[in-house]
Amino acid sequence: MKYFIFKIYYSFPIQLLLLHFRKYQILLIFWVILFSTINGGFAKLFGGDSLFLAPEYLGKVSFYSTAILGVALAVFTMSWNITTFILHSGRFKFLATTTQPFFRYCLNNMIIPALFLGDMIFRLWRYQLYQELNMVPNVLLLTEGFVAGYLLIIFISFFYFFNADKNIGKRLNRQFGTTRNFLRLIIKPTQEPDENALPVDNYFSTPWRIRRARNVDHYNKHYLDNIFKQHHVAAMITIGLALVFLVILAYLMDYNAFRIPAGASVLIFFAFLIGIAGAYSYLLQTWSIPFLLVILIGLNWMVKHDMVDNRNKGYGLNYLNKNERPVYDVEHLQSFFSEERSYRDQASTIQILQRWRSKFPENIKPKLVILNVSGGGTRSATWTMNVLQRLDSLLEGRLMTHTVLMTGASGGMMGATYFRELYLQQLQGKVHNIYDSTYREKISSDILNAVFASLAVNDLITPFRNFKIGNNRYTKDRGYAFEMQLNKNTDYILDKPISAYQEPEAKADIPLLIWNGAINADGRKLIISAQPISYLCAPQYLHPTRPWRDIDGIDFQQFFSKQSAGQLKVTSAIRMNATFPYVLPNVFLPSKPIIDVMDAGIRDNFGQETSLRFLYTFRDWINANTGGVLFIQIRDTRKNNMQRIKGYKDLSDLLFEPLFTMQQHWSTMQDYTQDYMINYMEGYFPNKFERVIFQYVPQQSNQAAALSFHLTSREKRDIAEALKNPAIQNAFKYIEKSMEQQP
């Protein structure tokens with residue numbers, strides 16, 4: 001028994017596995033991330049597992065998409081083998097005496113890759129069957145594609161290294177000339193002790209054969225090192241080829257055929273990182289950390305002095321004339337958003353309200369509808385579209401006629417903006433049925449693959465790529481990929497500047513729509529609209545001891561008027577509204593100093609703060625000219641949903657709970673605050689204020705749709721089925737009854 005344990009422990013695969021955990025543990029982080037992702041751990045909230053278990057290529061999951069993913073996993077696996085071979089082969093000198101040393105190394109280094117490959121295939125089956133609701137024959141085809149792609153690259157790689165082995169042998173023969181010279185070199189009596197060598201008793205020479213490791217004490221150490229050095233050169237050539245491939249891929253990503261699945265892009269990028277880390281450590285040895293610090297300091301200096309400017313910008317916005325940029329400080333904001341400007345903008349909006357009122361009979365005061373939508377990625381966009389289509393259908397098209405304002409955050413505004421555009425196109429005769437299910441499919445289509453593919457290829461490998469709108473240049477990064485994919489999903493009907501809505505809003509043909517964002521520098525709200533709305537930039541109060549208002553918001557169009565604010569793309573406004581940290585890049589704005597914008601949900605995830613200020617500003621007009629306010633909230637999370645409280649506190653809770661309490665309860669605290677605000681607002685509309693909530697409740701509480709830019713087939717179906725929830729049905733009936741007397 002001891003002999004058997006000895007054989008296993010000192011086998012090459014086990015010694016390699018232990019070595020990975022003893023040396024260069026940073027390389028194992030890549031495997032940890034991948035294992036955690038496909039098993040629903042890392043990035044689960046953002047749908048990270050779907051990148052690998054439902055890879056999309058040309059808009060669908062197919063044999064070709066999984067084959068590309070298999071190719072990428074094989075590339076990553078070979079990069080792992082190449083890098084660890086460069087770093088560790090010198091510890092196992094017996095490899096130099098075998099034929100095809102690299103092949104033998106890979107064969108014995110397959111414990112971790114084989115475990116991941118098996119786990120990947122298992123998770124792919126389960127995900128496709130239970131999340132994508134796929135049939136067994138189709139899942140089998142997807143698996144075949146994945147395995148075929150994986151094996152293809154493995155065979156090509158070994159073919160390359162087999163030829164490299166032959167070339168190395170030829171070079172050695174030319175170097176030593178005769179057999180006698182060869183033997184004199186490799187068998188020298190004077191040997192230098194190798195302190196790094198590790199004991200190995202046996203190894204797999206083929207997948208089905210185990211051999212004893214040869215004793216190499218009588219070999220010349222420098223000869224063995226020379227053999228390894230020749231293999232290392234061949235290995236680093238493959239790393240260079242991988243970089244060339246990534247650069248080419250980045251330049252071709254504008255073409256659909258070259259937009260590989262995001263999971264594949266991530267794997268190829270990981271392969272590149274591992275390769276670079278190995279080559280870097282191998283070439284610089286003990287100088288690797290000092291050299292890295294020099295690189296980081298130099299890069300920081302170049303960014304600080306604008307020598308490297310890779311900041312994301314709002315597309316259509318003018319960044320060229322730095323002398324005309326508005327000053328962003330308290331004094332300038334106070335003077336710019338003056339009381340006079342506020343009154344002027346209020347008068348402009350009242351004209352719109354009067355045009356809206358003129359569309360109804362004079363003898364009937366119409367209900368004024370305010371729509372608020374919550375953040376929540378594609379989940380919220382899809383839920384918003386489902387609710388708006390069903391509600392407007394039940395009201396026979398009267399919902400949008402009665403709606404004066406639509407606002408909110410993040411994903412909900414994707415759905416709301418798309419629905420309003422469809423309604424506008426229906427008025428123009430371009431769309432005939434805005435309730436068609438294809439529109440729900442379009443807004444729920446995947447965006448995550450494009451974003452992550454761009455992150456792995458464009459953002460990190462070719463950050464210098466850009467495109468032009470007019471004379472302005474903008475970076476082709478994941479923000480660009482998001483907008484291009486959103487345009488593609490929605491048939492490019494949102495590919496227009498925000499100024500395109502100025503006239504139809506002014507005529508009250510469509511509701512006002514306000515996108516929001518949170519300014520990272522100080523938490524002020526960035527308010528984007530086609531109309532002048534500076535009255536929303538500060539609380540409406542005057543006090544004898546305080547002759548000024550606290551400006552807590554920025555009217556984007558007026559503040560950046562000299563920067564062509566009206567030419568901002570609608571998709572950029574949506575993105576600024578939905579900039580979830582790290583998933584999408586912060587948008588930088590041309591002010592002095594430069595400010596950047598993050599997700600609207602940081603300040604107000606439900607859009608109600610903006611709409612309540614709008615109602616307060618026009619409370620007198622609304623009371624005099626309408627039959628009351630119908631305040632509708634569409635949200636993708638349950639209200640007052642108390643999470644299970646742990647019955648005990650462990651050490652991690654005591655250490656980390658104080659740090660993350662605010663983050664965990666951010667939306668709930670916003671709910672509490674806004675409930676107070678709504679309660680006060682009801683007092684300004686006595687018996688004329690009705691609040692209705694449509695909240696997405698999953699059929700199974702533990703299987704809610706992910707907060708992501710990707711939805712599975714099961715999640716799409718679950719969102720659609722949520723409309724049958726009794727509470728949702730009651731909300732529909734309540735609104736129908738409330739609108740019975742309305743024209």
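Q: In which helix does S410 lie?
A: The model is predicted. S410 is not a glycine, yet its phi is positive, near 45 degrees. With 6% relative accessibility, S410 counts as buried. The element that holds S410 is helix α17.

Q: At roughly what angle do the axes of α15 and α17 cross?
A: Helix α15 covers residues 377-394, and its axis comes within 6 Å of that of α17. The crossing is right-handed. The axes cross at roughly 40 degrees.

Q: How many residues apart in sequence are the parts that the pair of R420 and E505 ties together?
A: R420 forms a salt bridge with E505, and their closest N and O atoms are 2.6 Å apart. R420 lies in helix α17 (residues 410-427) and E505 in helix α21 (residues 502-506), so the pair ties together parts whose separation in sequence is 85 residues.

Q: Is R420 buried or exposed?
A: The cut-off for a buried residue is under 20% relative accessible area. R420 has a relative accessible area of 1%.

Q: How many salt bridges does a search of the whole structure find?
A: The pair of R420 and E505 is a salt bridge, and so is the pair of R603 and D552. E609 also forms a salt bridge with R603. A search of the whole structure gives a total of 19.

Q: Which residues do salt bridges that share partners join into one network?
A: R603 bridges to D552, with the closest N and O atoms 3.3 Å apart. R603 also pairs with E609, where the closest N and O atoms are 3.1 Å apart. Salt bridges that share partners join the following into one network: K525, D552, R603, D604, E609 and R613.

Q: How does R603 count at 22% relative accessibility: buried, exposed or partly exposed?
A: A residue is buried under 20% and exposed over 50%. D552, at 18%, is buried, and E609, also at 18%, counts as buried. At 22%, R603 lies between the two cut-offs, so its class is partly exposed.

Q: Where is D552, the residue that the pair links to R603 in helix α24?
A: R603 and D552 form a salt bridge. The pair links distant parts of the chain, 51 residues apart. R603 is in helix α24 (residues 601-604), while D552 is in the loop between β9 (525-528) and β10 (553-555).

Q: In which loop is A508 found?
A: A508 has a positive phi of about 65 degrees although it is not a glycine. A508 is buried, with a relative accessible area of 9%. Its place is the loop between α21 and β8 (512-519).

Q: What is the omega of the peptide bond from K592 to P593?
A: P593 is placed in the loop between β11 (587-589) and β12 (595-598). The peptide bond that leads from K592 to P593 is cis, with omega near -10 degrees.

Q: What distance separates the C-alpha atoms of V404 and I352?
A: V404 is in strand β5 (residues 403-408) and is buried, with a relative accessible area of 5%. I352 is 52 residues away from V404 along the chain. The C-alpha atoms of the two are separated by 9.3 Å.

Q: Which residues of α6 are buried?
A: Helix α6 covers residues 101-108, and seven of its eight residues are buried, so the helix is largely enclosed by the rest of the structure. The buried residues are P101, F102, F103, R104, Y105, C106 and N108.

Q: How are α5 and α7 arranged relative to each other?
A: Helix α5 (residues 63-88) packs with helix α7 (residues 111-130), their axes 11 Å apart. Their crossing is right-handed. The angle is about 165 degrees. Angles over 145 degrees fall in one class, so α5 and α7 are roughly antiparallel.

Q: Which residues form a nonpolar patch on the surface?
A: One member is found in helix α8 (residues 136-176), namely F155. At 56% relative accessibility, F155 counts as exposed. The patch has about 260 Å² of accessible area in total, and its residues are V147, L151 and F155.

Methods. Residues numbered from 1 in each chain as written. Predicted model: local features only at pLDDT ≥ 70, side-chain atom pairs only at ≥ 80, totals over all residues. Heavy atoms only, no water. Patch = residues over 30% accessible without salt bridge, like charges linked within 9 Å, V, L, I, M, F, W, Y side chains within 5 Å. Areas by Shrake-Rupley, 256 points an atom, 1.4 Å probe, with all protein chains shown as cover. Salt bridge = Lys/Arg side-chain N within 4 Å of Asp/Glu carboxyl O. Helix = DSSP H or I, 4+ residues; strand = E, 2+ residues; numbered from the N terminus. Buried < 20%, exposed > 50% of the residue type's maximum accessible area, 1.4 Å probe, protein only. Axes fitted to C-alpha atoms, helices over the stretch in contact; angles between N-to-C directions. Left-handed = near helix turned anticlockwise from the far one by under 90°. Parallel < 35°, antiparallel > 145°, perpendicular 65-115°, else oblique.
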